[in-house]
Structure formats: C-alpha cells, structure tokens
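Student: I have this one open for the first time, and I'd like to go through it with you. Could we start with a single residue and then move on to the sheet?

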Amino acid sequence: MDELRICVVGCGMIAREHIERIQNRIRGARVVAVCDVVPANLEQGAAIAGPGTKQYKDFNEAVNDPDVNAVMVTTPGQFHKSPVLAAIKAGKPVFCEKPLANAASDCREVVEAEMESGKHLVQVGFMRRYDRGYRQVKELLDSGKFGAPMIVKCTHRADGVADSYTTAMAVTDTAIHEIDVLPWLVNDEWDEVQCVMPRRSSKAHEGLQDPQVMILKTKGGIVTVLEVNVNDGFGYDINCEVVCENGVVNLPCPSFPTVRFQNNVSTKIEDNWIMRFIDSYDVEIQDWVDHALKGQTGGSSAWDGYVASITADALVKSQTSGAFEKVQTGGTPDFYQK
Ligand code: ISE
C-alpha cells in the first residue's frame, strides 16, 4: 500500500476536523469517501473532502468499496462497533475515535474479531498519547531518575457541557482520557477504582452530578486522584502532576503570553479540547497513516480500548455504590503483548 484511501464513517464535528486535516496536512492519505445517515452531515463532510468524494448512507457499502483501503470511524460511540467489525472483516485498517465502543461487551467483540483476523487493524483515537506534554512527562518518568511514581493528581475541567451530558458521561466521555493515558504514562495497570461525589455545583444542569472525584489505584500501588469538573466557569483546564520518590513532574500547560494589564498578571487558559489538543490530533492521525501503510497500528490498540471500557464500567458502578470496584480484564492476550 502506498497511500491510504480513507472512507470516513460518521461526519459529525470531530470527523470534519479529521477530514480537513487529512486532506490538507497529512502525508500518505486522502479521504475518498464519506458516509453518514444524516444528509446534512454527509453533505458537509463531502464538501470538506472536496470534489469527487463518494457519498454513502450505508457503512457496509462504504467500507467495502474497492476504492477504499482504510476506514475512519467517527460516529457517536454507540455506533462504533458495526463499522469497525466491517473493516476488520474486509481486512482494512481502521482508526476508531474514542471510546472503542460504549459497552465493554462491544469492545470485547472487536477484540475477538481482530484476534481472529490475525492482523493488527484497529487503532483507537486516544489522542493524549500523542500530546507533546504527556510524551515529555513519560520520557522523564521512563528515565528512572525520579524514582518510582507514587501519586498522580489530575484535573479534567471544562467550561460547560450540553444538556444531554449525563453523570455517567463524566466517566465514559471525559475521564476516559485519563483512564487510557495514565497507565501508559506510568507503565502500570488499573486495579481498583472509586468515584466520590462532592457538593454539587449550582451550575450543573438538572440531573447531572458535577464535579466528581475519581480515585484510581494501579496494581503497582500508584494512587491517582482525578477531579472531573465540567462547569468550571473559566475554560478547558487539563493538569497532571506525578509525584515520584525523588521528584515531582508536572504536565506542561499550552504556552500563552503572560500579560500584565490593569494591575493583573494573567495567562490565557484554552477554551476547549479541540484547540487544546489540536497538535496532538495531527501527530496522531499521521502516525496512524504511517503505521497503516506498513500494515501496523500505533497508539492505543483495540485491547487498550477494551480495558478503558472495563475501567469506565467499574467507575460508573462506583458512582452509585460509592465503593472501590475492581477492574477485571482477565489478562492481556499474547496477541496484544507489546
Ligand atoms: C472529549 O473527547 C475530550 O477530549 C474532552 O477532554 C472531554 O472533556 C470531553 O468530554 C470529550 O468528549
């Protein structure tokens, strides 16, 4: 394969970002087909992809188009599984946006199908593994000079969410990023997790518990405390501090000018996640393309997506039980051992 000819399944917001980036900034790939059941989305996706782009309503037809040799799945999470399975069946590399699927049982089906195919075809879109800051922190931790990590303190804050955002989504949509990136960062696996509910923000919409505090312990004994707070009133604010035996490593924040104005010194905080991680998405999609052209996958595997989903289920369970819940994966199959 010398070029990925991609079909994008699901043309919502993140898809439009990816189509634009593939057509204009990524080497070795182009979008040749788009697919969506909503006509307006389909039209928008096709318009960004440019003249000649094929348009499909049926993902099976799109994935099996002989002109298509790779698939990107950017539908809402509950519809990820079927097009991913179709791509595996067709033997085509597939990039699936996070989460791999909303239910762990669906992720398991994908894992089984991929193992049965005998080929590594699925990459899951957890872009933080491609963020420059996280990579720098990982390099420092991996150097060993700070000693073993013991505590990780994180915030995942945002300035408002849609009315459709639920208490469970604080885990399945938001904390899922930390759930994936932290074990990778500290080379460990989740053991047990707990969700604690503080006083509710008066700004949270009816029925939503916000903020939430999540405590996640690894098998190696590292304790993470994560604040998810999606009505913070000031911007998109991602922080991560790793306390090690000999030192403390902090995730760098995006750099903005420090402004002195009207008796204040201030620095901007990013507005939203699209802007905060825009560079990471570019690196991520280029890495997917580079790997797929060689018949490989980079980043998070289908197994990583499955483990993230099991961990999310345990946290959601803890939202009502209040107790620590075990994360049981049954062990990494040989196929996914690194
Ligand atoms: C989105 O995928 C993110 O990256 C954000 O960090 C998160 O806050 C949001 O809930 C997710 O949809």
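Student: Which residues does Val171 touch, not counting residues up to four places away in sequence?

Tutor: Bearing in mind that this is a predicted model, Val171 touches Ile176, Ile179, Met214, Ala312, Leu315, Val316 and Gln319.

Student: And where does Val171 sit, in which helix?

Tutor: Val171 belongs to helix H7, which covers residues 169–186.

Student: Is Val171 buried or exposed?

Tutor: Val171 counts as buried because its relative accessibility is 0%, and buried here means under 20%.

Student: How far apart are Val171 and Lys317?

Tutor: In sequence they are separated by 146 residues, while in space their C-alpha atoms are 10 Å apart.

Student: OK, now the sheet: what order do the seven strands have?

Tutor: The order is E3-E2-E1-E4-E5-E6-E15, in an open sheet with mixed pairing. Strand E3 (54–56) and strand E15 (300–301) are at the edges with a single partner strand each, so one side of each has no neighbour in the sheet.

Student: What packs on that sheet?

Tutor: Helix H1, residues 13–24, packs there and touches E1, E2, E4 and E5, and its direction makes about 145 degrees with that of E2.

Student: How do E1 and E4 run, parallel or antiparallel?

Tutor: Strand E1 (residues 4–9) and strand E4 (residues 70–73) run parallel and are joined by four bridges, with Cys7 standing opposite Val71 in E4.

Student: Switching topic, which residue takes a positive phi in the hairpin of E13 and E14?

Tutor: That is Gln262, with a phi near 50 degrees, in a hairpin that has two residues between the strands. Strands E13 and E14 run antiparallel, joined by four bridges, and Phe261 has Asn264 in E14 as its bridge partner.

Definitions and conventions:
Residues numbered from 1 in each chain as written. Predicted model: local features only at pLDDT ≥ 70, side-chain atom pairs only at ≥ 80, totals over all residues. Heavy atoms only, no water. Pairing = 2+ DSSP bridges. Contact = heavy atoms within 4.5 Å. Axes fitted to C-alpha atoms, helices over the stretch in contact; angles between N-to-C directions. Buried < 20%, exposed > 50% of the residue type's maximum accessible area, 1.4 Å probe, protein only.
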